Amino acid sequence: MGDLPCQGCRMSITLKQLESFVWVAQLRSFKGAADRLNTTQPNISARIAMMENLTAAPLFLRASGTVDLTPQGQELLPWAQSVLHARDDFLTRTDAARLTTGTLRLGVTEMIVHSFLRPLMAQIRQDFPKLVVELTVDMAADLDTMLAKNQLDLALMNGPFQFQATGVPLGEYPMVWVAAPILGLPAGNITKTTLAQHPILTHARGTWVHQAIAGHFQGVPATLVPSSNLAVCQQMAVDGMGIAALPLPMVAQEIDRGELVLLPYDWHPAPLQFEARYRADHPSKTIATVAEIAAQIAN
């Protein structure tokens with residue numbers, strides 16, 4: 001006689017299946033979900049097929065290379081997300097966050113690199129020792145685009161922000177004018193014409209800082225030298241190759257060492273407003289926790 005099925009037993013949906021469902025829905029790609037979860041596309045397909053079998057309804061429409069949620073999938077997605085959030089809450093409350101695994105795709109601007117990235121990385125390692133951090137350093141506009149395309153989990157960046165996301169304030173950083181002492185700029189009030197006699201080292205074209213500086217010097221013969229690498233801009237200023245408007249934390253040490261001097265000019269680009277930004281529909285609360293850690297360290 002064969003084994004009889006136990007009374008009340010039934011197959012259950014696993015967390016791996018729910019994760020696969022949520023990531024396929026977000027990325028609209030089985031391959032993208034496989035890459036995100038460090039597995040293979042057949043594994044993702046098998047998990048989704050099992051879920052569809054258990055729910056007795058298709059969750060995705062697959063046609064012409066696109067992946068879209070069915071009405072049933074749209075109805076179930078918030079519930080799947082809430083289960084994953086509850087899992088993260090449980091891990092946090094039991095101090096099992098130290099066992100959290102996976103990859104955090106973190107994007108930062110150079111300003112973050114020059115201010116609090118090192119203590120942030122140390123704190124992440126302490127709180128989440130099994131979490132792998134994949135770091136991208138880029139301009140704010142590019143980080144914003146990557147966040148919108150789900151290529152980043154968390155972006156520490158300055159505004160203006162184009163993509164609507166959850167933002168945790170990280171504070172603001174004033175912009176200052178600096179130059180090498182070798183340029184011999186006067187210690188008293190400096191005029192726009194005096195500044196324009198030297199190359200003006202700026203942020204990359206297309207950034208709001210570059211646009212603000214270009215607008216300020218409109219009508220005055222001035223040579224703007226844009227750079228997508230602020231560290232290069234900083235070093236050029238130290239070498240006496242021009243004057244620069246840079247965030248104060250980037251040049252504080254050089255000012256203390258006498259390699260750069262603050263210029264008494266009465267106009268500055270507006271302070272950089274920074275936020276830790278992540279998608280509101282992200283399935284992991286670990287991202288929100290790391291954003292709060294960044295805010296604590298930054299402030």
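Helices here are DSSP runs of at least four residues, numbered from the N terminus. Keep in mind that this is a predicted model.

**Exercise 1.** Work out which helix gives the largest share of the lining of the second largest pocket.

*Solution.*
- Start with the pocket itself: its volume is about 440 Å³.
- Next, look at the lining. There are 26 residues, and Met139, Ala140, Ala141, Asn158 and Thr207 lie nearest the centre.
- Now list the elements that give two or more residues to this lining: helix H5 (110–113), helix H7 (140–148), helix H9 (208–216) and strand S12 (272–278).
- The largest share is 3 residues, and it comes from H7.
- Sort the lining by class and you get 13 nonpolar, 10 polar and 3 charged residues.

**Exercise 2.** Describe how the axes of helix H10 and helix H11 are arranged.

*Solution.*
- Two packed helices are described by the angle and the distance between their axes.
- For H10 (residues 230–238) and H11 (residues 248–256), the axes come within 11 Å and cross at roughly 30 degrees.
- Angles under 35 degrees count as roughly parallel, so H10 and H11 are roughly parallel to each other.
- What about handedness? H10 passes H11 in a right-handed crossing.
- Who touches whom? Leu230, Ala231, Gln234 and Val238 in H10 meet Met250, Val251 and Glu254 in H11.
- That contact splits into 5 nonpolar, 1 polar and 1 charged residue.

**Exercise 3.** Find out what lines the largest pocket.

*Solution.*
- This pocket has a volume of about 520 Å³.
- Its lining has 25 residues, with Glu19, Leu37, Arg87, Thr101 and Gly102 nearest the centre.
- By class, the lining holds 10 nonpolar, 9 polar and 6 charged residues.

Key: Residues are numbered from 1 along each chain as its sequence is written. This is a predicted model: local features need pLDDT of at least 70, side-chain atom pairs count only at pLDDT 80 or more; totals for chains, interfaces and linings use all residues. Side-chain values use heavy atoms; hydrogens and water are left out. Axes are lines fitted to C-alpha atoms, for helices over the stretch in contact, and angles run from 0 to 180 degrees between N-to-C directions. Angles under 35 degrees count as roughly parallel, over 145 as roughly antiparallel, 65 to 115 as roughly perpendicular and the rest as oblique. A crossing is left-handed if the near helix is turned anticlockwise from the far one by less than a right angle, and right-handed if clockwise. Contact means heavy atoms within 4.5 Å. Ala, Val, Leu, Ile, Met, Phe, Trp, Tyr, Cys and Pro count as nonpolar, Asp, Glu, Lys and Arg as charged, and the others, Gly among them, as polar. On a 1 Å grid over the protein atoms alone, a cavity is a set of points where a 1.4 Å probe fits but cannot get out, and a pocket is an open set with protein on both sides within 12 Å along at least five of seven lines; lining residues have an atom within 4 Å of a point. Grid points are joined across faces, edges and corners, and a volume is the space filled by probe spheres set on the points.
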